[in-house]
Amino acid sequence: MRIVLLGAPGSGKGTQAQRLAERSGIPQISTGDLLRAAVAGGTELGLKAKAAMEEGRLVDDSLVLGMIRERLGQPDTRAGFILDGFPRNLVQAAALDGLLAELKQPLDAVVQLEVEPAELVQRISGRRCCADCGRVFNVLTSPPPTGAAAVCPSTGAPHRLVQRPDDNEATVAERLRVYAEKTRPLIAFYQSRGLLRVIDGQGELDAVTQRLARALAGAAAMPARRSGARAAARARPATRAAKSRTRGARAATRRPKAPRKKTPARTAAKGGRRSAPAAKRRAARRRGRR
Ligand code: ADP
């Protein structure tokens, strides 16, 4: 399956993508992880991306697109992929469309994880990652397991938990603002393509994983239709909570009604000029009444 996970910073895209990748064997492609690795490795790309990441801004589209093009060209993506953190604006989404059309590998589904803003902030402040395997934990809500499960698969030693430098209060506020401005419009973009599924990203981790699995099973059973109206009907939130949260997004994407036909009465009501044939008909009726 070829999937995009959409959601605000802290909505759980990374965690759910990791779980899905482990279960399905298809790779998780996180642009955030790729960029962090480039920064840590001091590569040219990393040097260019570093400042934007530290300030919570988006890294230049050209850098991210080059990185994605290269990654999607690797053979492990033939069986599918889970894009996490990409695309993040409309330019990236359009470029991804073009690239996947070229590769003849269209997307199967886009899943939006909906989480309340207050919870996003709380989640980000408790987030810690293993410096070696990259696994994400939350010291407030999902601490690393103890016992045998606590072992890092990369080192065989306990996980080394670190906090991301951009998980600080000021940067988080900017990341949330950038998300609302640049990334949220992708909901309408994918809704109009019949690919969007919305799930409630709150509650137990396992419950969210199950919702995601159900949304993907639904998407697999019903291939994407391209008509806008039908597509909007398909973007059904999986839960009542998600439904209420997506109502606004739906209203924003509703197609404008077709303009109503002008009738003489409506034109008159608006103080507009009447058409010549209609005026003639009315004059004839008046003459008939006399
Ligand atoms: P989160 O979604 O929790 O904010 P990520 O790990 O996905 O975190 O991204 C961290 C940072 O990396 C972003 O704030 C941004 O600076 C950069 N980044 C990640 N993906 C993209 C992208 N697709 N386009 C531009 N910048 C990106």
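Guide: Strands pair, by the rule used here, if DSSP finds at least two bridges between them, and the elements themselves are DSSP runs numbered from the N terminus, helices being H or I of at least four residues and strands E of at least two. Residues are numbered from 1 along each chain as its sequence is written. Because the model is predicted, local features need pLDDT of at least 70 and side-chain atom pairs count only at pLDDT 80 or more, whereas totals for chains, interfaces and linings use all residues.

Visitor: Which residue is the bridge partner of arginine 127 in β6, and what lies between β5 and β6?

Guide: Arginine 127 has asparagine 138 as its bridge partner in β6. The two strands, β5 and β6, form a hairpin with five residues between them, and glycine 134 in the turn has a positive phi of about 85 degrees.

Visitor: What is the strand order of the open sheet that holds β6, β5 and β7?

Guide: Strands of a sheet pair through backbone hydrogen bonds, either parallel or antiparallel. Here the open sheet of three strands has the order β6-β5-β7, with antiparallel pairing. Its edge strands are β6 (136–138) and β7 (161–162), each of which pairs on one side only. Strand β5 (residues 127–130) is joined to β7 by two bridges, and cysteine 130 has leucine 161 as its bridge partner in β7.

Visitor: How should I read the open sheet of five strands, and is its pairing parallel or antiparallel?

Guide: Its order is β2-β3-β1-β4-β8, with parallel pairing. The edges are β2 (28–30) and β8 (196–200), each pairing on one side only, and neighbouring strands of this sheet are turned by 25 degrees against each other on average, direction ignored. Such angles run from 0 to 180 degrees between N-to-C directions, with axes as lines fitted to C-alpha atoms, for helices over the stretch in contact. Within the sheet, four bridges join β1 (residues 2–7) to β3 (residues 81–84) in parallel, and leucine 5 stands opposite aspartate 84 in β3.

Visitor: Which helix lies across β1, β2, β3 and β4?

Guide: Helix α1 (residues 13–24) lies across these strands, β4 being 109–114, and runs at about 170 degrees to β3.

Visitor: Which residues come nearest to the ligand?

Guide: A residue is near a molecule if its C-beta atom, placed from the backbone, lies within 6 Å of it. Of the 18 residues around the ligand, Pro9, Thr31, Gly32, Val59 and Gly85 come nearest. The elements giving two or more residues to this shell are α2 (31–41) and α3 (44–55), and the largest share, three residues, comes from α2.

Visitor: Where does pLDDT stay under 50?

Guide: Where pLDDT is low, the predicted coordinates should not be read in detail. The score is the predictor's confidence in each residue, from 0 to 100, and it stays under 50 over residues 226–276. For the protein chain the mean pLDDT is 82, and 76% of its residues reach 70 or more.

Methods
Contact = placed C-beta atoms within 7 Å.
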